[in-house]
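Please read the following alongside the sequence and the coordinates. The text goes through salt bridges, pockets and surface in turn.

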Amino acid sequence: MPYKDPEQRKAHKRAYDRDFRRDHREQGMATDLAYRQTHREQGKAIDLAYRQALKLEVFNAYGGARCACCGETYMEFLSLDHIGGDGALHKRQLGVSSGRIMYLYLKKHGFPPGLRVLCMNCNFALGHFGYCPHGNVKVEAEQAITKTGDSKGGHPEQLPLMEQ
């Protein structure tokens, strides 16, 4: 055996595997594609379970899977709301285009404050009318003040920008 030392053996194996994957990249990609095509339904089920677990984890970090206004508990109806009303700007600054990417960002950054769980109806009413007919939550404009002092949207100080 060329490497009696376990650490040298591991290092050699890692280097060999890295070189093999580099030299046989096309073959590996074809094998992966064939597997994904033959196990498409299983992959969809795994992806759905992962997305639902991630969403639940994020909602639990922001007070639970319940609308902060009306108490709605159906996960299909729940979403995150930027308390200051600047969610679109924040998502643009982060380059976030989907809920999953936003949830991963929040998880990576330790669930920063400034967000809450609302159902889509309450979130829509707050975003378009500035109040919810239920009357239990309001847009808190004082929390939307940015570092420049602009209260018309902006990026709340407590939500860090995504690292490039």
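Which residue forms a salt bridge with Asp 81? The partner is Arg 116, and the closest N and O atoms of the two are 2.7 Å apart. A salt bridge here is a side-chain nitrogen of Lys or Arg within 4 Å of a carboxyl oxygen of Asp or Glu. The pair links distant parts of the chain, since Asp 81 belongs to strand 1 and Arg 116 to strand 2 (residues 115-119), 35 residues apart. Helices (H or I, at least four residues) and strands (E, at least two) are DSSP runs, numbered from the N terminus. Both Asp 81 and Arg 116 are buried; buried means under 20% relative accessible area, exposed over 50%, and partly exposed in between, with a 1.4 Å probe and protein chains only.

The model is predicted, with local features needing pLDDT of at least 70 and side-chain atom pairs counting only at pLDDT 80 or more, while totals for chains, interfaces and linings use all residues. Residues are numbered from 1 along each chain as its sequence is written, and side-chain values use heavy atoms, leaving out hydrogens and water.

By the salt-bridge rule, the count comes to nine. Asp 47 is partly exposed because its relative accessible area is 27%, and Arg 51 is partly exposed because its value is 35%.

The other pair is Arg 22 with Asp 19, where the closest N and O atoms are 3.1 Å apart. Because Arg 22 and Asp 19 are three residues apart in helix 1 (residues 6-23), about one helical turn separates them. Arg 22 has a relative accessible area of 54% and is therefore exposed, whereas Asp 19, at 26%, is partly exposed. Both belong to a network of salt bridges that links Arg 18, Asp 19, Arg 22 and Asp 23.

The pockets come next. Rolling a probe the size of a water molecule over the atoms shows where empty space is left. A pocket is found on a 1 Å grid over the protein atoms alone, as an open set of points where a 1.4 Å probe fits, with protein on both sides within 12 Å along at least five of seven lines; lining residues have an atom within 4 Å of a point. A volume is the space filled by probe spheres set on the points, which are joined across faces, edges and corners.

The largest pocket has a volume of about 540 Å³. It is lined by 23 residues, of which Leu 80, Asp 81, His 82, Gly 87 and Asn 123 are the closest to its centre. Strand 1 (78-82), helix 4 (87-94), helix 5 (99-108) and helix 6 each give two or more residues to this lining. Helix 6 gives the most, with six residues. By type, the lining of the largest pocket has nine nonpolar, 10 polar and four charged residues. Here Ala, Val, Leu, Ile, Met, Phe, Trp, Tyr, Cys and Pro count as nonpolar, Asp, Glu, Lys and Arg as charged, and the others, Gly among them, as polar.

The second largest pocket holds about 210 Å³ of space. Its lining includes Arg 51, Glu 76, Gly 99 and Tyr 103. Helix 3 (40-61) and helix 5 are the elements that give two or more residues to this lining, and helix 3 has the largest share, five residues. The lining of the second largest pocket divides into four nonpolar, two polar and four charged residues.

Glu 76 lies in the loop between helix 3 and strand 1. Glu 76 is exposed because its relative accessibility is 63%. Glu 76 and Cys 119 are 43 residues apart in sequence, and their C-alpha atoms are 8.8 Å apart in space.

Leu 94, in helix 4, is buried because its relative accessible area is 3%. From Leu 94 to Tyr 105 the distance is 11 residues in sequence and 9.1 Å in space, C-alpha to C-alpha.

Finally, Tyr 131 is found in the segment after helix 6 (120-129). Tyr 131 is partly exposed because its relative accessibility is 47%.
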